[in-house]
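Hi,

Here's the structure I said I'd pass along.

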Amino acid sequence: MKVLKFGGTSVANAKNINLVKQIVSESAKEKKLVVVVSALGGITDLLLTALNQASNKDYGYENTLSKIEKRHLDTIKSLFPITKQSTILSWVKGELNDLETLLEGAFLIGETTSRLSDKVVSYGELLSSYIISEYFKSKKLGTILKSGRELITTDANFAKANVDFKATDKTCKEFFRSNDSTVVVVPGFVASSVEGDHTTLGRGGSDYTAAIIAAAIDAEELQIWTDVSGMFTANPKIVKQAKCVSQISYEEAMELSHFGAKVLYPPTVQPVLAKEIPIRIKNTFEPQDEGTLITKKLDVNDKTVKGISHVGNTALISLEGPSMIGIPGVSKRFFETLSSKNISVVLITQASSEHSICVGIDQSEAKRAENALNQAFEYEILTKRLKPVIIEKDLAIIALVGENMKSHQGLSGKMFSTLGKNNVNIRAIAQGASERNISAVIDENDVKKALNSLHEAFFESITKQLNLYIMGVGNVGSKLMDQLNKQKSYLKNEMQLNVRVIGISNSRKMVFREGGINTKKWEEELEKGQKADLKKFLRNVQQLNYRNSIFVDNTASEEIAFSYNDYLKSSISVVTCNKIACSSAYSNYTELKQSSKKYNSPFLFETNVGAGLPILDTLRHLITSGDRVHKIQAVLSGSLNFVFNNFNSEITFEEIVKQAQEEGYTEPDPKIDLSGVDVMRKILILARESGYELNIDDIKNDSFLPQEALETNNNTDFFNSLKKHEEHFQSIYKKANEKNCKLKYVARFENGKAIVGLQEIPVGHDFYNLEGSDNIVLFFTDRYRNQPLIIKGAGAGADVTASGIFADIIRIANY
Ligand code: ADP
Ligand code: ASP
Ligand code: MG
């Protein structure tokens with residue numbers, strides 16, 4: 001015989017029940033079957049809601065009851081032809097009337113008991129098993145219905161009753177020995193106590209019913225039919241990349257389910273393990289999928305880590321204090337107290353110094369546990385030998401599980417460093433003596449990120465996912481989007497990088513897509529987005545809490561520059577071409593650097609100096625390898641270079657600056673370039689990155705602009721003043737031209753001092769031949785003492801800036 005169990009989703013409606021019938025009739029060709037069924041999906045929750053409402057004197061229970069009724073009646077009406085419906089409908093209505101009477105009772109007395117709750121909640125399986133068995137009969141499947149209550153005997157521990165295996169085995173054996181029907185349908189989850197009360201086996205307990213029967217009748221196989229194609233490396237609803245595990249040991253399956261892999265109710269393995277009955281997990285909706293086989297045998301070359309699971313709603317409860325040392329029996333009293341209150345412990349840690357015991361329990365039990373323990377240790381707490389019990393809530397346990405983990409070193413190191421890199425704070429750690437699992441307690445909010453990063457580290461080591469949030473899609477940002485779109489498949493195939501853009505914003509609108517924005521159609525998506533809001537943008541990025549999150553700032557906005565610390569502190573990396581943050585007060589610059597270090601969130605701004613040229617990266621390599629910078633000479637303004645390379649007596653200064661602006665070589669406010677402020681910021685950043693403490697006010701700037709132009713407040717006034725002072729610019733040009741010199745805006749840093757200004761550069765000088773918008777930097781260091789290290793190339797333009805940002809993003813991928 002085989003035992004097949006179908007879960008709530010598998011029997012949720014007529015369409016699904018029909019799929020179940022097809023699976024059952026196929027299997028029944030070979031073997032006699034026991035078919036255990038859950039309540040129609042969602043009904044158990046509705047029953048509990050109805051009872052809760054009724055006992056709180058909330059008339060809403062009537063509405064909930066109507067929903068329950070409608071679900072069942074609709075299912076019957078779709079499954080059976082009209083002529084066959086009346087008997088089934090009237091039986092179901094009769095049961096629902098009884099249920100209504102129970103709920104009315106709870107309403108009148110305004111309270112409920114666990115006995116009543118089990119009685120009410122049993123209706124889900126009673127109704128589903130009746131409807132399904134009648135349907136099978138109507139399809140000539142040789143079916144009978146046998147109540148689970150008659151087969152399974154338990155104690156009276158309502159809501160999670162303990163099975164009396166001796167009595168249950170006997171009843172099951174006797175019944176099935178004399179049964180000759182092809183299919184016996186049994187309601188899962190429900191049982192009865194020795195005294196005859198309705199009991200239940202705990203939420204998700206239909207799996208357990210099936211396992212108990214399978215063990216009692218020595219079934220050939222236990223099949224759990226559900227809504228996923230097996231036991232996955234992680235919950236597939238949280239980790240998209242999770243894969244089905246084809247084979248797993250009983251012990252591994254038990255560990256995974258104990259730590260939250262809901263696909264299998266934790267006690268399910270126990271009864272079948274002793275008899276070595278294989279369990280197969282199958283998908284009702286994809287029956288051809290192979291599923292997972294749970295057995296004793298294990299492949300020797302099996303993977304070390306089989307799966308990662310988590311249990312939410314966890315509280316940590318700790319007892320600490322000096323009196324724990326050397327006083328035997330504290331642990332005993334601690335655990336006895338919890339056990340006497342029927343509070344089960346999910347995880348235990350105790351430091352070897354014995355200063356504290358700390359356990360993980362279900363959060364809903366936290367208050368009871370706290371009261372019971374404070375009472376049990378009242379004397380020690382009063383005499384200050386122990387501190388009152390500490391409860392920490394809103395936590396989750398994540399566990400790595402695998403039979404072969406014990407023979408491998410470095411797994412816990414990898415687990416904790418992966419969590420650390422993603423800034424997931426670990427509150428407690430436990431490792432089973434069997435070394436079959438390593439578990440850690442973390443914040444509930446971090447679960448999704450933790451599961452996905454661990455999954456990436458242990459199962460997808462080859463692909464890494466980067467999640468981008470792009471602020472600003474003007475000149476530079478839109479080029480970056482183009483480049484990301486073009487390089488997507490290259491990055492995936494050649495670099496194993498899956499780069500997704502999750503959020504985009506400009507000054508008007510913002511849009512978020514959890515699965516990633518289509519990089520081809522981002523403009524349309526953004527148009528459909530919501531009103532832009534910087535605070536909301538930050539909040540969304542924090543709430544999504546994806547691993548490897550990168551905030552990319554392509555704007556020149558001061559407000560955005562001052563939000564970087566909020567991102568870094570939330571473990572979100574920052575890549576920016578905006579120079580404001582790094583050239584702001586020295587204290588702000590160092591604070592950002594410190595946050596980046598503390599929260600493991602890279603802060604990269606290569607494009608702050610020389611656009612896409614690898615200037616800062618080279619400088620960083622020099623410094624980390626122990627070199628020291630003495631002097632920097634540089635031409636750092638692509639825009640000023642463009643202006644002075646193209647300015648002559650044939651064209652006006654205003655025209656050439658306008659052209660530079662139109663071609664994307666200037667900041668949105670060209671005065672920032674022309675006044676030399678932009679160059680000041682760049683030399684300041686170079687000096688700071690070389691290890692010098694410098695502020696913008698320490699830099700000397702001899703501006704070539706007339707005072708009037710410097711004092712303008714908008715672009716129109718600025719251009720007008722350039723026009724007005726054309727003669728001044730022509731005379732600068734003429735003077736240089738007469739000496740056969742070229743005009744370059746030069747920045748210099750030496751002896752801790754920086755200066756910027758326009759200079760006449762003679763033929764033969766390193767700077768003389770700078771073309772177009774090129775930049776050049778000369779580093780004089782310990783190692784490059786006489787011949788400087790020179791970096792030269794295009795230092796402005798949206799395309800090269802975007803590619804510099806792109807390079808920073810890829811640098812983060814390699815961190
Ligand atoms: P049923 O109603 O069929 O008993 P459950 O909802 O109890 O189904 O269990 C199936 C669900 O278990 C899946 O939909 C999935 O979300 C969840 N799940 C959690 N962890 C895992 C895992 N490691 N592998 C597969 N499913 C998992
Ligand atoms: N119907 C019960 C529940 O929802 C039992 C089960 O489905 O396994 O918990
Ligand atoms: Mg289940």
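How do the residues of the shell around ligand 1 divide into nonpolar, polar and charged? Seven are nonpolar, five are polar and four are charged. Before you read too much into any of this, keep in mind that the model is predicted.

Staying with the ligand: 16 residues surround ligand 1, and the closest are Thr226, Asp227, Phe232, Lys237 and Lys262.

- Gly8: here a backbone N or O atom is 3.0 Å from an oxygen atom of the ligand.
- Val263: a polar backbone atom lies 3.3 Å from an oxygen atom of ligand 1.

As for how covered the ligand is, ligand 1 exposes 570 Å² when taken alone, and the protein buries 90% of that.

The structure has one cavity of 30 Å³ or more, and the largest cavity holds about 40 Å³ of space. Its lining is made up of Leu484, Asn485, Lys488, Leu491, Val499, Arg500, Val501 and Thr519. Helix 17 (475-495) and strand 19 (497-505) each put at least two residues into that lining, with helix 17 giving the largest share, four residues. By type, the cavity lining splits into four nonpolar, two polar and two charged residues.

Cheers

Conventions: Residues are numbered from 1 along each chain as its sequence is written. Chains are lettered from A and ligands numbered from 1 in the order in which they are written. This is a predicted model: local features need pLDDT of at least 70, side-chain atom pairs count only at pLDDT 80 or more; totals for chains, interfaces and linings use all residues. Side-chain values use heavy atoms; hydrogens and water are left out. A residue is near a molecule or strand if one of its heavy atoms lies within 4 Å of it. A polar contact is a pair of N or O atoms within 3.5 Å; within protein, one must be able to donate a hydrogen and the other to accept it, and residues adjacent in sequence count only if both atoms are side-chain atoms. Accessible areas come from the Shrake-Rupley method with a 1.4 Å probe; for residues, only the protein chains shown count as cover. Ala, Val, Leu, Ile, Met, Phe, Trp, Tyr, Cys and Pro count as nonpolar, Asp, Glu, Lys and Arg as charged, and the others, Gly among them, as polar. On a 1 Å grid over the protein atoms alone, a cavity is a set of points where a 1.4 Å probe fits but cannot get out, and a pocket is an open set with protein on both sides within 12 Å along at least five of seven lines; lining residues have an atom within 4 Å of a point. Grid points are joined across faces, edges and corners, and a volume is the space filled by probe spheres set on the points.
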